[in-house]
Amino acid sequence: MSNNLVCIKDFEEYAHQVLPRSALDYYRSGAGQEKTLRQNNKAFSRYKIRPRCLRNVSHRDLSTTVLGEKVSMPIGIAPTAMQRMAHPEGECANARAAQALGTVFTLSTIATSSIEEVARCAPHGIKWFQLYIYKDRQVTEGLVRRAERAGFKALALTVDAPMFGLRLADIKNKFTLPPHLKLANFEGTKSTDINKNNEKGSGLNAYVNSLFDASVTWQDIKWLKSLTSLPIVLKGILTAQDALLGVEAGAAGIWVSNHGARQVDGTPASIEALQEIVKAVGDKVEVYLDGGVRDGTDVFKALAMGARMVFMGRPALWGLTYDGEEGVKKVLNIIKTEFDYTLAISGCANVGDIKPSMVVHESYYSRL
């Protein structure tokens, strides 16, 4: 195992070398021709940082608060499915790493470690639970109750997935969960087997289309809100209109995301959609972002453009692949250090010093 990994791209390249092809393709692929997948990363480079000089940055504080909880940095772990394909301890190792770094871990519904296992593994961490609304509303309610009992602090309701997108790599690979693993949150129920009806393509897509409810509307957000006192964050918003409907429905947060570019190809990169949403919701709710965050400068740009916090999915998977909990901690510490350097050299001593004027689209300079 190489110790010469110094940026997230190094961890990604390592994972590409060692992961089984089917698991690797599942983690790295996007929808369709993957144009949006490429843009999620590239779009950040079209925004330019405008540093301020001669400010006292000798003492810096990277911390912030999210839904009233203090976190050590505005960088958390986004939900990704089936993490035990990357490492035997999967979501548990990832949650422990987030706990060690003092930040948020978000557990996917479609996890290979259960809500209760993760709660036991990281009892002191700030944990959110990512949720889908199932055709069987009792399944959804049961998951909510378990998350409440296990001490999770928020529900991240994915709203951009009436069905899963066409991910060509999974179709080619006839993707299935390896037989030694399970969808841990559904063990003992009929909802556990994603490998049925898999002859023609992705077993996951067949599973999702049989269980997810494509008829969900904004009324169901109100239904979910009536079930629980946990704050509800709407994950997968890309337009100001939907952000405002989310606020109206009682969401505590809007999570700007294109689902890792895995739903429909041709959507904007998450960072491109951020500003219209921030402008629309103002200070009514907190706004978060995932998609393409690979460097501390990306974190700085998203915060300047109005995000309260960013989340990373794939980078944590690459860290898991490298060395489980320790690998994720390395990834988080790398991006934390990069963000700290960006903060200081741009003239900011804390996240409150980051102003909207400090990041502009590259077209700003072509007009000069």
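The axes of helix α12 (residues 296-304) and helix α13 (residues 314-345) come within 7 Å of each other and cross at roughly 60°, the axes being lines fitted to C-alpha atoms, for helices over the stretch in contact, with angles running from 0 to 180 degrees between N-to-C directions. That angle makes α12 oblique to α13, given that angles under 35 degrees count as roughly parallel, over 145 as roughly antiparallel, 65 to 115 as roughly perpendicular and the rest as oblique. The model is a predicted one, in which local features need pLDDT of at least 70 and side-chain atom pairs count only at pLDDT 80 or more, while totals for chains, interfaces and linings use all residues. Residues are numbered from 1 along each chain as its sequence is written, and side-chain values use heavy atoms, with hydrogens and water left out. Helices (H or I, at least four residues) and strands (E, at least two) are DSSP runs, numbered from the N terminus.

In the contact (heavy atoms within 4.5 Å) between these two helices, α12 contributes G296, T297, V299, F300 and L303, and α13 contributes I335, E338, F339, T342 and L343. These residues divide into 6 nonpolar, 3 polar and 1 charged, where Ala, Val, Leu, Ile, Met, Phe, Trp, Tyr, Cys and Pro count as nonpolar, Asp, Glu, Lys and Arg as charged, and the others, Gly among them, as polar.

Is T342 buried or exposed? With 10% relative accessibility, T342 counts as buried, since buried means under 20% relative accessible area, exposed over 50% and partly exposed in between (1.4 Å probe, protein chains only). Leaving aside neighbours within four places in sequence, T342 is in contact with I49 as well as with G296, T297 and F300.

Helix α13 also meets helix α1 (residues 8-18), and here the axes come within 10 Å and cross at roughly 180°. The two helices are therefore roughly antiparallel to each other. From α1 the contact includes F11, Y14 and V18, and from α13 it includes W318, Y322 and I334; by class, this contact has 11 nonpolar, 4 polar and 2 charged residues.

Elsewhere, helix α9 (residues 218-227) has D220, I221, L224 and L227 buried. They lie on the same side of α9 because they cover an arc of only 115° around the axis, the arc being that of the directions from the helix axis to the C-beta atoms. On the other side of α9, Q219 and S226 are exposed. The elements that cover the buried residues of α9 include β6 (126-131), α6 (137-149), β7 (154-158) and β8 (232-237).
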